[in-house]
Amino acid sequence: MCKLHFWQKSWKVNLPNISIRSFETIGIGRWLDDEVINYFVTKWCSKSQTTLGLNTFFACKFLFEGSSCISANSVEHLTLEHESRVQKWCLAAKKAQNLLSWESVFIPINESNSHWYSACINFRLQQVQIYDSLCEVYLKSRENPVQLRKNTKTMLLTEILGRVRGEEVWLRNNPYTTWQFDPHAKHVIELGVVREDCNLPSLDFGGDMSGKRLRLAQEMLEDSS
Amino acid sequence: MSEEDQQVPPTEEDVKGDNTPINVKVVSSSGEEVFFKIKRSTPLRKLLGAYANKVGKQEHTIRFLYDGARVAQTDTPKSLEMEDNDTIDVMVEQVGGCSP
């Protein structure tokens, strides 16, 4: 069978920010790095034409306390400065992905430098979804009051993104909202990426992982040729 | 990359137009700030090298972002239209797997 280090000798990976070192993390049994995740988020969101893909650093910058993405950011209300920075990050992603408009936002999240999961805020379906394959963590967090759940800040972010889109979304202390918020949905998706709700290609890594990893590697090699 | 001169500002840079140095603040995700003075035409990869050196990390583990956009190897303060006292966010490599 083909091995990545075999490919390394035969192929040149010539993509922005993807070094051989990053490319090798697609290898079977390896942990994927941020460059690979960001590459595919940008590529697939660009293809989707409806989903804005934020990079893997967004969550630790705006949603959590510190880079481990374990505890929600203690800020009660994101300040105006935060809001303008969120806007700039969205603009950067929109430009990189050549999007004219977007109706959902995809956020890859790296937890404790060991686990990838993702959030998707969908304005068309009015849903905030978390796709996390670690059941124990989401069930435990779900026992907490809403404001202490680790992904609660996505609600605040939804309000801000609503303003970026020019629509009013009010989730705080609003029991009558038509939005559905499930901070810990039961979806087993590795790569933390993608779902049809987000109009992104679906990648279910529950089964034969090696084949899917090879497919990603091949996609990158094709893109770089 | 690593084999190149990591001094900031470099001496050999092409001086065209307004190349007065600007102050750039590099802020880590934990909020630590490091200040640099850099010419507008100096590629920011040199700043990355200098930063990595300063904090004792390997260059390939460091990511620079300006207003949420990844700073490319060839970007300069001029090409990004940076202004004096602008901030660069510095993030470090992330890795992760999933539950089986």
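Helices (H or I, at least four residues) and strands (E, at least two) are DSSP runs, numbered from the N terminus. The model is predicted: local features need pLDDT of at least 70, side-chain atom pairs count only at pLDDT 80 or more, and totals for chains, interfaces and linings use all residues. Residues are numbered from 1 along each chain as its sequence is written, chains are lettered from A and ligands numbered from 1 in the order in which they are written, and side-chain values use heavy atoms, with hydrogens and water left out.

Chain A holds eight helices and six strands. Along the sequence its elements follow the order α-α-β-α-β-α-α-β-β-β-α-α-β-α. Of its 225 residues, 52% are buried. Here buried means under 20% relative accessible area, exposed means over 50%, and partly exposed lies in between (1.4 Å probe, protein chains only). Contact means heavy atoms within 4.5 Å. Among contacts in chain A with a separation of 6 or more, 62% are between residues 24 or more positions apart. The chain exposes about 10900 Å², and carbon and sulfur atoms supply 52% of that area. Accessible areas come from the Shrake-Rupley method with a 1.4 Å probe; for residues, only the protein chains shown count as cover.

Chain B has one helix and six strands. Its elements run β-β-α-β-β-β-β from the N terminus. Buried residues account for 46% of its 100 residues. Of the contacts in chain B between residues at least 6 apart in sequence, 60% join residues at least 24 apart.

The interior was examined next. In soluble globular proteins, nonpolar side chains tend to be buried together. A nonpolar core is a set of buried Ala, Val, Leu, Ile, Met, Phe, Trp, Tyr and Cys residues joined through side-chain atoms within 4.5 Å. The largest such core has 34 residues, and A:Phe58, A:Ile107 and A:Leu161 have the most contacts inside it. Two or more residues come from each of α4 (58-62), α5 (80-96), β3 (104-111), β4, β5 and α7 of chain A. Beyond its neighbours within four places in sequence, A:Phe58 touches A:Leu63, A:Val86, A:Trp89, A:Ile107 and A:Leu157, all by contact. Another core lies apart from the largest one. This other core has 19 residues, among them B:Val34, B:Ala50, B:Tyr66 and B:Met82.

Aromatic pairs were also counted. Rings of Phe, Tyr and Trp (its six-membered ring) pair if their centres lie within 6.5 Å; planes under 30 degrees apart count as stacked, over 60 as edge-to-face and the rest as tilted. Over all chains the count is eight pairs. In one of them, the rings of A:Phe123 and A:Trp179 have centres 5.2 Å apart and planes at 80°, so the pair is edge-to-face. The two residues are 56 residues apart and link distant parts of the chain. A:Phe123 sits in the loop between β4 (115-122) and β5 (127-131) of chain A, and A:Trp179 in the loop between α7 (153-165) and β6 (180-185). Both A:Phe123 and A:Trp179 are buried. A:Tyr39, A:Phe40 and A:Trp44 form one aromatic cluster.

A:Tyr39 is also among the contacts of A:Leu15, together with A:Met220, A:Asp223 and A:Ser224, leaving aside neighbours within four places in sequence. A:Leu15 lies in the loop between α1 (4-10) and α2 (20-23) of chain A. Its relative accessibility is 12%, so A:Leu15 counts as buried. The C-alpha atoms of A:Leu15 and A:Ser224 are 5.7 Å apart, although 209 residues separate the two along the chain.

Two residues other than glycine have positive phi. A:Gln49 has phi near 65°. A:Gln49 is in the loop between α3 (34-48) and β2 (51-53) of chain A, and is partly exposed at 38% relative accessible area. B:Asp67 has phi of about 50°. B:Asp67 lies in the loop between β3 (62-66) and β4 (69-70) of chain B, and is partly exposed at 29%.
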